[in-house]
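Work through the exercises below with the sequence and the structure open beside you.

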Number of protein chains: 2
Amino acid sequence: MPEFQRVTISGDYCAGITVEDYEQAAKSLAKALMIREKYARLAYHRFPRTTARYLENVSGQAWVGGFAITPSCFADFHPPPLPQEDPYCLHDAPPNLGYLVRMQGGILFVYDDQKMLERQEPHSLPYPDLETYTVDMSHILALITDGPTKTYCHRRLNFLESKFSLHEMLNEMSEFKELKSNPHRDFYNVRKVDTHIHAAACMNQKHLLRFIKHTYQTEPDRTVAVKQGRKITLRQVFDSLHMDPYDLTVDSLDVHAGRQTFHRFDKFNSKYNPVGASELRDLYLKTENYLGGEYFARMVKEVARELEESKYQYSEPRLSIYGRSPEEWPNLARWFIQHKVYSPNMRWIIQVPRIYDIFRAKKLLPNFGKMLENIFLPLFQATINPQDHRELHLFLKYVTGFDSVDDESKHSDHMFSDKSPSPDIWTSEQNPPYSYYLYYMYANIMVLNNLRRERGLSTFLFRPHCGEAGSITHLVSAFLTADNISHGLLLKKSPVLQYLYYLAQIPIAMSPLSNNSLFLEYSKNPLREFLHKGLHVSLSTDDPMQFHYTKEALMEEYAIAAQVWKLSTCDLCEIARNSVLQSGLSHQEKQKFLGQNYYKEGPEGNDIRKTNVAQIRMAFRYETLCNELSFLSDAMKSEEITALIK
Amino acid sequence: MPEFQRVTISGDYCAGITVEDYEQAAKSLAKALMIREKYARLAYHRFPRTTARYLENVSGQAWVGGFAITPSCFADFHPPPLPQEDPYCLHDAPPNLGYLVRMQGGILFVYDDQKMLERQEPHSLPYPDLETYTVDMSHILALITDGPTKTYCHRRLNFLESKFSLHEMLNEMSEFKELKSNPHRDFYNVRKVDTHIHAAACMNQKHLLRFIKHTYQTEPDRTVAVKQGRKITLRQVFDSLHMDPYDLTVDSLDVHAGRQTFHRFDKFNSKYNPVGASELRDLYLKTENYLGGEYFARMVKEVARELEESKYQYSEPRLSIYGRSPEEWPNLARWFIQHKVYSPNMRWIIQVPRIYDIFRAKKLLPNFGKMLENIFLPLFQATINPQDHRELHLFLKYVTGFDSVDDESKHSDHMFSDKSPSPDIWTSEQNPPYSYYLYYMYANIMVLNNLRRERGLSTFLFRPHCGEAGSITHLVSAFLTADNISHGLLLKKSPVLQYLYYLAQIPIAMSPLSNNSLFLEYSKNPLREFLHKGLHVSLSTDDPMQFHYTKEALMEEYAIAAQVWKLSTCDLCEIARNSVLQSGLSHQEKQKFLGQNYYKEGPEGNDIRKTNVAQIRMAFRYETLCNELSFLSDAMKSEEITALIK
């Protein structure tokens, strides 16, 4: 244990609320954590060991429940291929298991064979149960408006913030001294992962502009599209837009978010169209088009080369699967392999836009269930029978999770409950609410992960956008269903959820520059406050094309945070370490980047020679979390004692 | 004239103060501007034509004075050598004029020959007169505390800010439309000059670290210093510091400013010592050492190569002349030529640290006059007799100005007046005050410029650090003596000075990231407000080594300003245009970078194809300035009329 000036408070027991309220709050919070632990365990999501240990103590005494097995502390991803291995090798596909898959009530069920299917006896895997889920949801929903719990959480969070301020005043110089005497490692050569970035905006505006000009200079006469049966060359595309690419500028490209996009997600979305022309978006930023997404692949690869050269930066770009057709998956896998998009510095996330209503209105889908089937059935098939889905099987090695994306501030009239129409009968043109999307995404990922785990294949993390705008109940859905989230701004508005996200150490990929253009001014961003309190935050760029100015978008993000909030090197390296932990990098890579024992919590999990995070900081975080958790378990004990005395 | 939505206010005559106060304020302000014009004209500094034109009107009616000649609107710098020319060619030195130079009362006087010297009849050049100067100073000093003038300026500045807000609301989209239809030019390919940067900190911390490691890897056994008569190799330097460069990190290098430097300029200064070791500063960041400043030159050249590759970025690094010895100049010139430090993307400024007291205490100087002589006499000699000072003569082609640097917050007990001891009898160990330094720097530069102009040689601009901290009277000194200033933060505290700096369009190189680490939090920086009001501001980095994180320090500076203050592309390009105007780039370069007529004011001086600044913005600025100036001349007229009626 490192030596430093510790802040200890004696007598801080009930934190200014009555004993009854405190016990009630603690019990409810512990229960909420247990609920999250259950959903995490079922889906092979992560849950902190420290919190689990305290909960086990609690449950052993006051709770009866299925808390026997050790919670998973690290998810299972394929390590990257070795340098001598071919990342596109299609030969190691395992054999066909012959299982059958059917969707029921929006969830895919696996059957061993036709007979079992007829008998309606699914293959032995955990399947989600909507009724339990709604009960669990309602517990958390009740909790976030419960007065005593709100007071308790509010006070604890204030305490956490003040405690960090004190810690900083007392130990700032000692932390920096540790870093100064740490050989060879500094902020520049610690690993950082851009934990939230959309592939279609992963290049900055200048890069996109240069690329467009370059294609026009080198291949103006290439056929790049077919319109009404007629082949069109690149020159013709620009002619029809009355535009000479030589004159094109970042201004006329107009993909950068400005003051006009603030609180206008709709305007922001249209920024994905260069020069406001959807033709150019299709041509340059899509995986499916006449060129088979070649231009997009080339740009993504240029971004990847820059990451590889920088050596210490990694990125988790999102590619879209819309669920319009089951062909999207094989097409995407083909795009990936054909254009050799693999990079050791990138790991892929699949984003599913919440736009069922648009597809339904265009009559592309009969019901919401079909959308889910289009998204998930190909994955089940590729998992059961990789030999017949070699490309998708291969691509899935580099996919580590799912994201759910769209404007969260869009309101929905529907209130999700166990009485809601199930996806197969959700035929209305109305879009299902956020919570509905999240539950059914989670449910299918959970079954899929269990199936894949059974086969020894990698599993996926659910990492939705959540809490960027809209209702705070989104954060309740994600508390159950997500491994980690992007944004989380609205935790600012709910002390109970914020404290729960702290106790469960749920990673949050924050993008203050994106928020600054869309939803929240930079100076009001809660990142600094969250970091101080000990929430598990990382920094990410979201959309370099729309938000950033320099060639190094992630460094720009770190630099601005460091400057505006006067973050110390230790703060920056803590955020970088969080980003690696949060990411879908494999166990082997994390060991290499963070240290052999990275999965252990507290200072023993930190290798300062790799992370440049002071052991003092690690010890402070760990002791502080244990201290908070001990309040919960103490409350249970005292309740027990009270019960004995009575 | 471009069409846009103009804000016109009718009846806004006296701006809420009495007619008498308004007339009094206007008269005093006009007089202050005339004073500045006089000092600018004498020193070949710049003064805006528009303001001069209004003053001529005024002076023709109510003022008698030497306002006949047109004020210089652009200073005279050597154009850079053509590609086929050798930038180090020593052959074009003009012949010796045989003049003699003697210092009298801290100012160098030029004599045609020995006879004239004996007769005390100096060569016909304007020489400064301390008595007039102190009278002029006292006019401005009285003005900045005059109640009615303060009210008037305060109200005009508020009006300017509100007017810009209105303009922005009304014309933002039209401005952007202009930029979008402007072919080929955008924020990335408009020219930007880093108008304030110290050469010894022009590389970022990572660059310095890499360079140190590289030298150690490639030449550990090279002799790099002599200590107590013994030659020392690079390896021995690091051995004596108990340090292996392989282990060195940006943390152990410890040159970056952190929270510890806020309001601690002393701590900041020590950040120039890598690893806290002055040996390394001497070896890597100085022009005079055993290696003849080779390492420093190599690093500066690496920075220059990056600028040249970026193509659109220029820089005006400061090199130090201390005034300890007259040998500093020839040594610096030799360093420049020997290591071939010339770059088309750099123009040099000489900074003079205000540290006479330190040299005096070490008995290196007998009096302050000697320091001035060491700084300026070599320049007079090289100007009179370039053939015998070929290296210095050549180097001066690339030097475009002087800076005065040090901690402005250091208080001085001495009050500068015409009763102050003149520099030759300033023998005390006390440091002269800021105003004293500025006057004597200006006085000598002024004589020197006149001498050089007579010979057809380039002149120098005085560009001191001013208004970073300390007393606001510094800004009064600079109002008379400086062509432009660095920082200017304290204009925030004096409405009169701020308004005068606006009317005289005095360029201000602002460095909000530097201020954020030293004197003022980013969010409180007045840059945005100054820009809105129409002050002539540019963005500069000051010390990338101490403040910046990314490889592109100037772009980082622009990016952060753009993000935090939500600056539009037009704002950014206006700042970039200002930076080129403010800089010491030659007339030819400015024509190339800004347009043929760049020296004209208002929209006709703007070539949007080169600057990407909307004509609407230019017209707004010009019309607004004319409007403000017309209030001054109207006040005079009404006074005349009043006088006639009486």
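**Exercise 1: Charges across the interface**

Determine how many salt bridges link chain B and chain A in this predicted model, and find one of them.

Solution. The count between chain B and chain A is eight salt bridges. One of these pairs the side chain of E172(A) with that of R259(B), at 2.8 Å from N to O.

Sorted by class, the side of chain B that touches chain A holds 21 nonpolar, 14 polar and 17 charged residues.

**Exercise 2: Extent of the interface**

Work out how much area is buried between chain B and chain A, and which residues of chain B lose the most.

Solution. Begin with the contacts, in which 52 residues of chain B meet 52 residues of chain A. The area buried between the chains is about 4,400 Å², and carbon and sulfur atoms give 52% of this. On the chain B side, R259(B), Y549(B) and Q563(B) lose the most area to chain A, together 19% of what that side buries.

**Exercise 3: A residue in a loop**

Decide whether D607(B) counts as buried or exposed.

Solution. Locate D607(B) in the loop between α24 (587-594) and α25 (608-611) of chain B. Leaving aside residues up to four places away in sequence, D607(B) touches L594(B) and G595(B). Its relative accessibility is 14%, and because buried means under 20%, D607(B) counts as buried.

How values were computed
Residues numbered from 1 in each chain as written. Chains lettered and ligands numbered in written order. Predicted model: local features only at pLDDT ≥ 70, side-chain atom pairs only at ≥ 80, totals over all residues. Heavy atoms only, no water. Contact = heavy atoms within 4.5 Å. Buried area = accessible area lost by both parts, 1.4 Å probe. Salt bridge = Lys/Arg side-chain N within 4 Å of Asp/Glu carboxyl O. Nonpolar A, V, L, I, M, F, W, Y, C, P; charged D, E, K, R; others polar. Helix = DSSP H or I, 4+ residues; strand = E, 2+ residues; numbered from the N terminus. Buried < 20%, exposed > 50% of the residue type's maximum accessible area, 1.4 Å probe, protein only.
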